[in-house]
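This report describes one protein model for a reader who has not seen it before. Please look over the sequence and the structure first.

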Amino acid sequence: MAVHNEVPTQDPFWTVIALGAFEAADSFNVDLELRGDYNPGLQARIVEAMIADGVDGLIVSLADPKAMKPALERAAAAGIPVITINSGIDSYL
């Protein structure tokens, strides 16, 4: 999971998201790694690193869809399923 926030965070919104994600991962016996950065370029690099690590899937927030699009296209080309969150109805890929 790659989000547009520092991880770990003191932000109540992202704390709830993280707790829910880890609870769901535990329920489904899935290993979840959570990384993030406010800078869209660095968030895209996080996604690139996750692709290189061979993740089975990605959950990505889209504060800046243009910055994330190339990395997410590479994930899709590699056959990695991508779910976007917190992107807004007009800001999806």
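## Burial and surface

Of the 93 residues in the protein, 31% are buried; buried means under 20% relative accessible area, exposed means over 50%, and partly exposed lies in between (1.4 Å probe, protein chains only). The protein exposes about 5,800 Å², and carbon and sulfur atoms supply 55% of that area. Accessible areas come from the Shrake-Rupley method with a 1.4 Å probe, and for residues only the protein chains shown count as cover.

The model is predicted: local features need pLDDT of at least 70, side-chain atom pairs count only at pLDDT 80 or more, and totals for chains, interfaces and linings use all residues. Residues are numbered from 1 along each chain as its sequence is written, and side-chain values use heavy atoms, with hydrogens and water left out.

## Overall layout

The protein has three helices and four strands. Helices (H or I, at least four residues) and strands (E, at least two) are DSSP runs, numbered from the N terminus. Read from the N terminus on, the elements run β-α-β-α-β-α-β.

The C-alpha trace spans about 30 × 25 × 25 Å along its principal axes. A compact globule with 93 residues would have a radius of gyration near 12 Å, and the protein agrees, with 12 Å. The radius is taken over C-alpha atoms, and the globule rule is 2.2 Å times the number of residues to the power 0.38. Among contacts between residues at least 6 apart in sequence, 62% join residues at least 24 apart; contact means heavy atoms within 4.5 Å.

## Helices H2 and H3

Helix H2 (residues 40-52) packs with helix H3 (residues 65-77) at an angle of about 5°, and their axes are 8 Å apart. H2 is therefore roughly parallel to H3. Angles under 35 degrees count as roughly parallel, over 145 as roughly antiparallel, 65 to 115 as roughly perpendicular and the rest as oblique. Axes are lines fitted to C-alpha atoms, for helices over the stretch in contact, and angles run from 0 to 180 degrees between N-to-C directions.

On the H2 side the contact involves Pro40, Gln43, Ala44, Val47, Glu48 and Ile51, which meet Ala67, Met68, Ala71, Leu72, Arg74 and Ala75 in H3. By class, the contact of H2 with H3 has nine nonpolar, one polar and two charged residues. Here Ala, Val, Leu, Ile, Met, Phe, Trp, Tyr, Cys and Pro count as nonpolar, Asp, Glu, Lys and Arg as charged, and the others, Gly among them, as polar.

## Two alanines in the helices

Alanine 44 is found in helix H2 and counts as buried, at 10% relative accessibility. Not counting residues up to four places away in sequence, alanine 44 touches Ala67, Met68 and Ala71.

Alanine 76 has its place in helix H3. Its relative accessibility is 51%, so alanine 76 counts as exposed. From C-alpha to C-alpha, alanine 76 and leucine 58 are 9.9 Å apart in space, and they are 18 residues apart in sequence.

## Residues outside the helices

Valine 7 lies in the loop between strand S1 (2-3) and H1 and counts as partly exposed, at 34% relative accessibility. Leaving aside neighbours within four places in sequence, valine 7 is in contact with Leu34, Arg35 and Gly36.

Most residues other than glycine have a negative phi. Asparagine 29 has a positive phi, near 55°. Asparagine 29 is in the loop between helix H1 (12-27) and strand S2 (35-36), and is exposed, with a relative accessible area of 74%. Asparagine 86 also has a positive phi, of about 50°. Asparagine 86 is found in the segment after strand S4 (82-85), and is partly exposed, with a relative accessible area of 40%.
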